[in-house]
Structure formats: C-alpha cells, structure tokens
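Visitor: I would like a close look at one residue and its surroundings. Please keep to computed values and give the cut-offs for each term.

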Amino acid sequence: MALYIAIAALSIKPTVPSCAGAGGSRESGELPPAQEIVTARRLIHVEVALLALMPLMAVLMARGIGR
C-alpha cells in the first residue's frame, strides 16, 4: 500500500502544471521550459520503476513475508 501511495504522491508534481497550463499553452502553442520537461520525465520514470515492483511486493505479501 505504501508503494501505491508513493506513486500517487510522485504523480502530483507533473500533473498539476499540465492541468493548470493546458488552456493557455494550447492556444499559444508554447512548450513548457526544458527543465520542467526533464523533471517530469524523471518523476515518471521513477513511478514506472516503482510500479514494476508492485507485483513482486504482492507476491511477497501473499506468502506472508514482511509481517
């Protein structure tokens, strides 16, 4: 469960600017700053890595490891 919460918390930072700027950036056609794109990509890569661990943790939990 902690892994799920960590993934959800990490997804907040890249999601908020894209939702907030969606209206203005669509009209002007401007891209976000390069550093913002790099940061968002890095966070998404971390999220995917954590997501890959979820099945492993589920198997370990089902076998009773970690109590």
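Visitor: In which helix is Ala-58 found?

Guide: Ala-58 is found in helix α3. The model is a predicted one, in which local features need pLDDT of at least 70 and side-chain atom pairs count only at pLDDT 80 or more, while totals for chains, interfaces and linings use all residues. Residues are numbered from 1 along each chain as its sequence is written, and side-chain values use heavy atoms, with hydrogens and water left out.

The chain as a whole has 3 helices and 0 strands, where helices are DSSP runs of H or I with at least four residues, strands are E runs with at least two, and numbering starts at the N terminus. Along the sequence this gives the pattern α-α-α. The chain has 67 residues, and 7% of them count as buried; buried means under 20% relative accessible area, exposed over 50%, and partly exposed in between (1.4 Å probe, protein chains only). The accessible surface of the chain is about 5,500 Å², by the Shrake-Rupley method with a 1.4 Å probe and only the protein chains shown as cover for residues. Carbon and sulfur atoms account for 69% of that surface.

Ala-58 counts as partly exposed because its relative accessible area is 42%. In sequence, Ala-58 and Met-1 are 57 residues apart, yet their C-alpha atoms lie 9.6 Å apart in space. Both residues belong to the lining of the second largest pocket, an open set of points on a 1 Å grid over the protein atoms alone, with protein on both sides within 12 Å along at least five of seven lines; a lining residue has an atom within 4 Å of a point. This pocket has a volume of about 200 Å³, counted as the space filled by probe spheres set on points joined across faces, edges and corners.

Besides Met-1 and Ala-58, the second largest pocket is lined by Ala-2, Leu-3, Tyr-4, Met-54, Met-57, Leu-60, Met-61 and Ile-65. Helices α1 (2-20) and α3 (34-62) each supply at least two residues of that lining, and α3 gives the most, with 5 residues. By class, the lining has 10 nonpolar, no polar and no charged residues; Ala, Val, Leu, Ile, Met, Phe, Trp, Tyr, Cys and Pro count as nonpolar, Asp, Glu, Lys and Arg as charged, and the others, Gly among them, as polar.

Met-57, another lining residue, also lies in helix α3. With a relative accessible area of 39%, Met-57 is partly exposed. Tyr-4 lines the pocket too, but Tyr-4 lies in helix α1. At 52% relative accessible area, Tyr-4 is exposed. Its C-alpha is 7.9 Å from that of Leu-51, although 47 residues separate Tyr-4 and Leu-51 in sequence.

Val-46 has its place in helix α3 and is partly exposed, with a relative accessible area of 38%. Val-46 and Ser-11 are 35 residues apart in sequence, and their C-alpha atoms are 9.8 Å apart. Ile-37 lies in helix α3 as well and, at 34% relative accessibility, counts as partly exposed. Between Ile-37 and Pro-14 there is a C-alpha to C-alpha distance of 8.8 Å, with a sequence separation of 23 residues.

Methods
On a 1 Å grid over the protein atoms alone, a cavity is a set of points where a 1.4 Å probe fits but cannot get out, and a pocket is an open set with protein on both sides within 12 Å along at least five of seven lines; lining residues have an atom within 4 Å of a point.
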